[in-house]
Amino acid sequence: MEKDKQESHRVAISGDVEVSAYLGIAKERKGAQPQAEPQEKLGTEREAVAVIDFGSQYSWLIARRVRECRVYCEVVPHDAPWDSVAALRPKGFILSGGPSSVYEPGAPQAPAYVYESRLPVLGICYGMQLIAYQLGGKVAKGVKREYGLAILHQNSTNTPLFSGLPSEIPVWMSHCDRIEEMPPGFVSLAYTENSPVAAMGNEYGTIGLQFHPEVAHTPQGKAILQNFLYKICGCNGNWTPGSFVTESIERIKEQVGKGRVICALSGGVDSSVVATLIHHAIGDQLTCIFVNTGMLRREEVSRTLNTFQKNMKMNLVYVDASERFLKRLAGVIDPEEKRHIIGEEFVRVFEEEAAKIGQVDFLAQGTLYPDVIESASSGSKAVAIIKTHHNVGGLPSRMKLSLVEPLRYLFKDEVREVGLALGLTEDMVYRQPFPGPGLAIRIIGDVTKERLEILRAADWIVMNEIKKAKLYRQLWQSFAVLTPVRSVGVMGDSRTYGYMVAVRAVTSEDAMTADWARLPYDVLAQISNRIVNEVPEVNRVVYDISSKPPSTIEWE
């Protein structure tokens, strides 16, 4: 009975499969269904691949590496229906790793359309084992587990997947299962000391890799992925910032039609790019609304109004709702509650302003891919919610406006490239990220006017010294956090009992992971000296040396 249950996961592929030298070219499988719409009918449609997620911590990293090769991709759950995946018009599939063993009851399986679509498939770690298991091979627990660095030895130097690479390359392994028998029609492309089949493929462009090409520990990993995308899937790398701008403008026009849009403008790069994209698409149908929540940094209001009202000539409504937000936040300590309150109040302000403008149909937001990943589960797979982003989880369930989110599937560095393509200034494009809830989540505990002013003063000093040291562009974020901790100090021969401020500075590529910045001691000393001398309520400064994970970048 158990054997029958396992066999039900196997996928029968129609058509003859010949055992021959691996060519890296996908041949047609007779009668296979469904198939993507032929590319010749798509004109200049973007190229894309789908990353099928089986619970790997690296799925998002695979997506980043594919994007870096100028090929668009999205991460989709393993049980996503074909109709939702077909909308991407993929030119190939990548099967992610995962924590399960493919032979265990209930282990997630690749949907049949992956193999029946006649498209190239790249399986990574668990994804490779799925290919072997589902297409008639044998997977079993390895005699030795293989974690960390290994040397990959190619069986042939003519394999397109490894084109341009040496015959022996370092790779990163993380698995305890191994391929005991390859499926019919597959040949071994490479091996390591502990894995006789560390890479395999067939003549139809279905490939398995036991190692992880997406991680930095596999130095030639990006080249391997690029070979798969270009030489096997037939992609040309036409997904560029310029093509994204053109495509987004057309999509916005199609979505909005003759409707009116209000944009949640903050002055940060995300909302700035959103506003500029939409303005290019629909012009005066867009009204930007800049809400002063009272949680902004020094000079934030004047700088934003000057940029968008005077220089970019956009319709801009300024709303000072600081008292309203402070009232809602009074006594609130829990960070998730803060985020939800700010997100809900933010949208309510928009709805009220929209009523003054007249008929408004859409709300534009600068939601990014990391926001979506961290805020919600991926399809049917249970994923722990790290924190709710106010652009995603903080929205009221009965919001009256439809959303326009053109950056929803972009990482931050991609947004910056798009901003430059739109002609935005480097100062605006490379502005460090600032959270939607603002200073409210950089004050640990109750948010009051007094604490906001203390934090603004300390944060201004941090930013000023970072810029003076010419470190601003090297850092992902740098800021101050006001803690609820009070400590004893001595100033002018008198006892003080002041606040402790924490300084946070991190380096990162996309905010999904981050490392604490090794700031020069003299910079840290100057920041500390200025804060305790210029902010009377503070007598102690500490530096946060936590990385993400296990910490997050923001404290709340």
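The model is predicted, so to speak of local features requires pLDDT of at least 70, side-chain atom pairs count only at pLDDT 80 or more, and totals for chains, interfaces and linings use all residues. Residues are numbered from 1 along each chain as its sequence is written, and side-chain values rest on heavy atoms, with hydrogens and water left out.

Begin with strand β10, which spans residues 261-265. Helices (H or I, at least four residues) and strands (E, at least two) are DSSP runs, numbered from the N terminus. Five of the five residues in β10 are buried, where buried means under 20% relative accessible area, exposed over 50%, and partly exposed in between (1.4 Å probe, protein chains only). Val261, Cys263 and Leu265 point one way from the strand, while Ile262 and Ala264 point the other way; all are buried.

Which strands pair with β10? Two strands pair if DSSP finds at least two bridges between them. Strand β11 (residues 286-292) runs parallel to β10 and is joined to β10 by five bridges. In this pairing, Val261 lies opposite Leu286 of β11. Between the two strands the chain passes through helix α8 (residues 269-282), and the resulting β-α-β crossover is right-handed; that is, with the strands pointing away from the viewer, the path from the first strand over the helix to the second runs clockwise. Strand β13 (residues 362-364) is also parallel to β10, with three bridges joining them. Here Cys263 stands opposite Ala364.

Now turn to the backbone. Most residues other than glycine have a negative phi, and most peptide bonds are trans. The bond from Lys548 to Pro549 is cis, with omega near -15 degrees. Pro549 and Pro550 are likewise joined by a cis peptide bond, with omega about 15 degrees. Pro549 belongs to the segment after β18 (538-543), and Pro550 is found in the segment after β18 as well.

Glu299 counts as partly exposed because its relative accessibility is 48%.

Lys470, not a glycine either, has a positive phi of about 60 degrees. Its place is the loop between α15 (449-468) and β15 (477-491). With a relative accessibility of 68%, Lys470 counts as exposed.
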